Amino acid sequence: MPIYAFDFIEGVKFVKKTLPGLYVNVGKNLTKGISYDLNTNHSDFKGKTFLIYDVPSYFNIKPFVVQSESALKLKSIFQYHGFLMDITSYTDHESYIKDQFSSKNRREFRSNQRRLETCFDVRYEFIHEAISESKFELLFNQFYQLLTERFQDKKVNYHHLSQHKWAFYSELVFEMLKEQKASLLVVYKNEQPIGITLNFHSESVLFETITVFDPDYYKFSIGKTSIIKLLEWCFENNYRVSDFSKGDFEYKHKWSNLTYDFNYHILYDSKSIRSRLVANLVSRYFKLKLYLRTKNVNELYRKLKFMSSGSKSITKNTPTKVSFEKLTDYHADQNSTEIEHNDPQYRFLLQYVYTFLFANPEPESNIKVYQELNKKSFVICGSEKAQRIMLN
């Protein structure tokens, strides 16, 4: 797809859309934040309309000034609230977290990370440079699998997961890594990614775009640990903002100290009838989308699209009813068979094994799992404690 640059605008490039005379910024709303400068000495905007997604209100963009001799006009349309952590006035990540959270919360964060690192062979990698295509494909395939599982569990459609869009997304991120305009924070367990955060970069701003993690480890709060790791990186690399971008989620309210507006900018030639018509059409379209979102129609649409696509929730053969029994003194006998809980056929057990480990921290290698004779109960044994799981 051809990419177009125009002399009247700096800092953004465009692709041409099917609507006559309409150009949209490269990457559309995947960029999570665009800034630009206008040069009104040039008039190559004539007869055209330009849509720029995701212009944050806190970006230092010069106010648009209507000039009588210029036909260029701007429509700014609010679309989303954004959330960010402005760390300009803090010395390190701990001082920021201290300001945002109680001592109890901070102890919980430390405890979760300590338990994760006690129970598993964990390492963290921040990738902010070009990497081999084979490594990228390995990471992005795992990223795709975790993201797919996340939305299939929610039973909603996620538009970026379509084959065509994901191929575009993958190519975009691979190229942006080369230019240090994107990064990946990867949490590994035994060299297997169990948590990945995709970030975009703009000068001194880090955009935390998508975070996914293996839900079997949900007790360990990998998402919170990832936020802390990214905060550490921001301080080490003199970034002033860690931006959660759009999307109204509880964790963003807790971690952020600033809320802002995401606007879409429509630049158009006011002396061109076609350009005015296209600008008005695009403006009304996004105002309608905003209205429908306020009525939660978008969530209903995504669920209906998921159902109509024939997609199915990922199954781990999890039983509908599970009961637990604490055991004080368990000894395996002839009615029990030791199993390998990491075997794919026992995938449904992992959430229970890891929850047991979270409550009784020790290396996973110490854990033994037994299947009892009736095959409907399993026993998880640690060095000191044990638990029976009964499946119905």
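Nonpolar patches join side chains of Val, Leu, Ile, Met, Phe, Trp and Tyr within 5 Å, using residues with over 30% relative accessible area and no salt bridge. A salt bridge is a side-chain nitrogen of Lys or Arg within 4 Å of a carboxyl oxygen of Asp or Glu. Accessible areas come from the Shrake-Rupley method with a 1.4 Å probe, with only the protein chains shown as cover for residues.

This is a predicted model: local features need pLDDT of at least 70, side-chain atom pairs count only at pLDDT 80 or more, and totals for chains, interfaces and linings use all residues. Residues are numbered from 1 along each chain as its sequence is written, and side-chain values use heavy atoms, without hydrogens and water.

**View A. A nonpolar surface patch includes Leu292.** Leu288, Tyr291, Leu292 and Val297 make a patch of about 340 Å². Helix H7 (residues 273-294) gives the largest share, 3 residues; helices (H or I, at least four residues) and strands (E, at least two) are DSSP runs, numbered from the N terminus. Leu292 lies in H7. Its relative accessible area is 31%, so Leu292 is partly exposed (buried is under 20%, exposed over 50%, partly exposed in between; 1.4 Å probe, protein chains only).

View B. Ser204 sits in the loop between strands E9 (192-202) and E10 (205-213). The C-alpha atoms of Ser204 and Asn238 are 7.1 Å apart, across 34 residues of chain.

**View C. Gln180 has a positive phi.** The angle is near 60°. Most residues other than glycine have a negative phi. Gln180 is in the loop between helix H4 (163-178) and strand E8 (182-189). Gln180 counts as partly exposed because its relative accessibility is 44%.

Notes
Patch = residues over 30% accessible without salt bridge, like charges linked within 9 Å, V, L, I, M, F, W, Y side chains within 5 Å.
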